Every structure is written in C-alpha cells, then in structure tokens.
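Please consult the sequence and the structure while working through them.

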Amino acid sequence: MSMAAALNPPKTFPSKINLTPTFPAPPTTTAVTFKPNNNFPTLSAAAAASIPPPQQQQAAPLDTLLNSTRKNQVLDSIRSTSPFNCLSETNLHQTVPALTSKTRGKVRDIYDSGEYLVLVTTDRQSAFDRVLASIPFKGQVLNQTSLWWFERTQHITANAVVSTPDPNVTIAKKCSVFPVEFVARGFVTGSTDTSLWTVYNKGIRNYCGNALPDGLVKNQKLAENILTPTTKAADHDVPVTPDEIIERGLMTRADYEEVSRRALSLFEYGQRVASEHGLILVDTKYEFGKAEDGSIMLIDEVHTPDSSRYWIANSYLERFQNGLEPENVDKEFLRLWFKNHCNPYEDEVLPEAPEDLVCELSWRYIFLYETITKSKFELLSSEEPIHERISRNVASALASLK
C-alpha cells in the first residue's frame, strides 16, 4: 500500500438509494424579520412590496438548496471523485519534520509545532460523541467558513488565527483552553441527549441556570437567547450551571462573565447576518482560550454547519404553526437517520450512511458557505492527493514563520 493510500483510506458506500428531500415550496410573498428578543419571527408587511417582478427575482434559498444548476455541478464533482477522496485521517507528524505530536479530535487533527498549533479539519462527520461518516469537501467548508466569520467578528472578540496555508488548515496561537463549551440557543429544539427540546420534554424547567416557562413546544423561539454551557466528562458533554463552573474552578467568575458576554454577542451578530441571507441561526457553540498575556481569544470554529443549526427563514413560521419540522441546512437529518436506524449512543458498529445522504450533506455544507459568504466555493481538484498537498503547504508555512 502506498503512503498516500494509507493516509487517505478508501471509503465505499452501499448501493444508491433515493433520499432526496421533498419539501413544499416556500411562500414567495412574505419574508421573516428575525429580532433576537421577540417571541417569534414576525412577517414583514413591507417585504412583499419590495419583492422584484418574477423575471428579476432571485431564487429563494430553499429553491437553490433543492434544485439548481449549481447543486448539480457540485454533486457531479463529488460523484466524479473516487472514492470521494475524503480526508478521513492525517499523519502530518510523519511527513512534516517540524511537527512533533498529534492529537486526534472528532473532526480536527491537531499538531504541535512548538510555538504554534496546526489544526487540520478533516472530512470526518461527528455526532452523538462519535464519528458517523466522512463527507466530501466538508473539512474545506468548515475551515473556510470559520475563517470568514473569524475575520468579521474581530470587533466582538480577538481570535487565535495566525495563518491559513491550506484550505483545510489553520495555524493558530497556543493558549490555555477553557474546559467549557458555550452553547448559545435561540429556539427549543434538537434531538441529542443534551439538546434543549430533549431535556425540556422530560419536564426539566431549569437548565444550565436558565429558568424555562411551561407551555413551550418544539421549535419555538425563546423569548431571548440563552447559554447552556457544557464541560467534558470521559467521552461526552455534560451540562453545567454558571455556579458549578465557578465552584469547580473551571473558570473564574470574571472570565465566565466576559466569555458569556462575548458568546451572546457573537450569536446575535451571527443571527443578524444569517437573517440577511434568508437563514435562521438556531443554535451554535463557541470555545475560548486565554493567551499568555491574559487576553481571551475565540478558538476552534465559528458558525459552521458542524457547530451550528441553520433553518430556512421564509418557511419557518408557516411550518411551525402547522406543527411541521423546519427546513434545515445542517446535519440534523443525518442525526435523525442514524437515530432511526440504530442506537448511535450504544451500538458498537453503526450502519453505513447511504451515498445519497452523504452527497446531500456535502452539498448542504457548500450551499451554506456560498449563501452566507456570497462567494463561490472552490471545488479543489483531486489530482494531487489531499494529504500530500497539506503536507507541502504546512511545511512551507511553518518555515516562513520561523
């Protein structure tokens, strides 16, 4: 077996099945105005008057998501790559002399270069605290989506980014990472054990220090955004209250209050940007660290399809009022598929994700990147093995940083 083959293990898929979503067409004469502190999105009466004539009207986000020339182009590119050329694993410590150690996360492989960390975003798809599948172009989407947000949120908080030598790679400053993830939520939804709807549906009315009223229903907008922090225990996330965070010495009160303020500001900003592009940022998570000089920095990723849940805005209200699930642009449908076909928390071996589902998720990640950034995602050629390309770019970048 060649080095390239060993570093990029092949991935095969079962025979093709049809999992194409069949959503109804969204309303075309109304728009949703998203306001952080309202109980629900409200219909804007002025929006109808501002809609251009049919021949000039741009395609609604859902139309582009479900059926468009661009989608066909992307799917053709994905299917023409054999076997999808996914980056399932990296071993840069074997190919880049400056890297001394490797830490394997759910999605990222992290390498220590001495002064900096090299973060490689792979195509691994994680949920339920385990890897479910590998999704073509996913690592590139996540890395480049985060970079877009990092650049545009510096007015809210500093971040750890030093350089980006490769579409899948970020070189970052070292820092002391707070052992707490800050999960920001604007809606009562979700399917995992720690999701807000799951715990609320069990009767819990005080969650992570947030008092929740009776009478909420699934997918309802909260009166205001909240934080539900978690910390790690073994291999899963554990919800914690602000008091527990401070009492256990995970963070000082001053650090917790400052990070909480930044997290909520980031979330409100992300919601505003998403709303301007026909999306709802439903929930997301943030991680922060402290630099040697004591400054607090945003790390990891920002508002990506992996760390966030997005819904289509202009059909949310109608579907909510009719008791239907929102149309989403994230990995929720992958979570639901696994929950319907196995016990993803307990089964030792999981079923293989169907090919059509994998391709659809890859397209949705790319769609979200293009919708948010208003730029065309570059579908990189597979002529050069991904691992070789990354090794070359990282080695060059580290040499220039000396």
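**Exercise 1.** What percentage of the residues of the protein chain count as buried?

*Solution.* The model is predicted: local features need pLDDT of at least 70 and side-chain atom pairs pLDDT 80 or more, while totals for chains, interfaces and linings use all residues. Residues are numbered from 1 along each chain as its sequence is written, and side-chain values use heavy atoms, leaving out hydrogens and water. Buried means under 20% relative accessible area, exposed over 50%, and partly exposed in between (1.4 Å probe, protein chains only). By this criterion, 53% of the 402 residues of the protein chain are buried. The chain holds 12 helices and 20 strands, where helices (H or I, at least four residues) and strands (E, at least two) are DSSP runs numbered from the N terminus.

**Exercise 2.** State the strand order of the open sheet of 5 strands, and identify its edge strands.

*Solution.* Strands count as paired if DSSP finds at least two bridges between them. The order is β3-β4-β5-β10-β9, with antiparallel pairing. The edge strands, each pairing on one side only, are β3 (101–104) and β9 (161–166). From one strand to the next, the twist averages 25°. Between β9 and β10 (residues 169–173) there are 3 bridges, and D166 stands opposite V169 in β10.

**Exercise 3.** Describe how helix α5 lies on the strands, and check its length.

*Solution.* Angles run from 0 to 180 degrees between N-to-C directions, with axes fitted to C-alpha atoms, for helices over the stretch in contact. Helix α5 (residues 138–152) lies across β4 (108–112), β5 (116–121), β9 and β10, at about 145° to β9. The expected span is 1.5 Å times one less than the number of residues. For the 15 residues of α5 this gives 21 Å, which agrees with the 21 Å between its end C-alpha atoms. Of these 15 residues, 12 are buried, among them W148, W149 and F150.

**Exercise 4.** At what angle do helices α10 and α11 pack, and which residues meet?

*Solution.* Helix α10 (residues 332–341) and helix α11 (residues 355–373) pack at about 160°, their axes 10 Å apart. Therefore α10 is roughly antiparallel to α11, a term for angles over 145 degrees. With contact meaning heavy atoms within 4.5 Å, F333, L334 and W337 in α10 meet L357, E360, L361 and R364 in α11. By class, there are 5 nonpolar, no polar and 2 charged residues; Ala, Val, Leu, Ile, Met, Phe, Trp, Tyr, Cys and Pro count as nonpolar, Asp, Glu, Lys and Arg as charged, and the others, Gly among them, as polar.

Terms used: Angles under 35 degrees count as roughly parallel, over 145 as roughly antiparallel, 65 to 115 as roughly perpendicular and the rest as oblique.
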